[in-house]
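Okay, thanks for coming, everyone. Let me put the thing up on the screen and then talk you through a part of it.

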Amino acid sequence: MATATIEDLHPDMLAGALRLLDGPDLASLSCATSRFRSLVGEPDLWRDLCLSSWPSLRHPRLIRLLESSHRSFFADVFASPVCTLPSFPCDSDEEASLPSELISAVELRHRNSVILSLVAETDTSTSWFRAAPFRLDAEVERKDDGGSFFFSPEELTLSWIVIDPQSRRAVSATSRRPVAVNRHWITGETVLRFALVLSDECAVGAVVKCGEESGEVREINLVAEGVEGACLSGREGLAVLRSAMEGGRQRWKEEEEDARRRWEEFEGRRQKRKETAARMERLVDLAFAAVGAAAFLALFAFVVVR
């Protein structure tokens, strides 16, 4: 009696079963047999997976932009980037190749329930954007009932995908879980940081501000900052994101385990540089004070001797 295998199932049954798998499982399954490779290569399968993972992709412009390219999009954004820090400042040729527009697809979840899903389009071609500190804003619609977003901030997860519509490349620009949760000492707002350290010298990440009592999401934006503590310029931030889009990717589990540790190390390097700069300033102050004192004593001695 012949033994039936999974490949003997009707294609519709196999297709239904494949829709229950996530991206990494689909990629592994495609390596099993040629038939599975053919089934996993169906564009509709990856489109449905992307739309279920990131509801903001249902935006009309993104539907047109990502048509028939959802598999490559998933490969770009599912895992965190491995970035090679570009050289600063950018020369004229490099600046001309920077993205002239960025589209942000943002999902904020609490216990896997989407509480915020939006798309923001940013013109990055202006001289004002490229000279100012790098910042992408996602406009949050305020609710009349402030308590509608009440949650425990530590249980939030975030997906902020940055898309270059010209090259059709994308990158996940934040950690999935917050790497730091603080309270603003003046306003009392809870400030969450979802950061991704791209190199020893820079990091990108989202800052989410929530109301003190209601827990309402009041503000969310994406910034890029250097280890010295200063924000990167728009021009530098675009160069970093472009490098991240074009670079390699690391496995998702490594990102989950690694994001907070890398951020703590980044903060440690930043603190050491601040302490070094403060010591240098004190030494310079002492040197100027010593020179001033020596000049005064020399003048005093000259007057006395005369």
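So, in what order do the five strands of the open sheet come? Going across, they run S4-S10-S9-S8-S7, and the pairing is antiparallel. Quick housekeeping: this is a predicted model, where local features need pLDDT of at least 70 and side-chain atom pairs count only at pLDDT 80 or more, while totals for chains, interfaces and linings use all residues. Residues are numbered from 1 along each chain as its sequence is written, and side-chain values use heavy atoms, with hydrogens and water left out.

Strands here are DSSP runs of E, at least two residues, and helices are runs of H or I, at least four, numbered from the N terminus; two strands pair if DSSP finds at least two bridges between them.

On to S9, residues 202-210. Eight bridges join S9 to S8, residues 190-197, and a hairpin of four residues links the two. Along that pairing, Ala195 sits opposite Gly205, and Leu196 faces Val204. S9 also pairs with S10, residues 217-226, antiparallel again, over nine bridges; there, Lys209 has Glu219 as its bridge partner. S9 is largely enclosed by the rest of the structure, because eight of its nine residues are buried, meaning under 20% relative accessible area with a 1.4 Å probe, protein chains only.

Last stop: residues 283-305. That span is 100% helix and 0% strand, with its end C-alpha atoms 32 Å apart.

How values were computed
Buried < 20%, exposed > 50% of the residue type's maximum accessible area, 1.4 Å probe, protein only.
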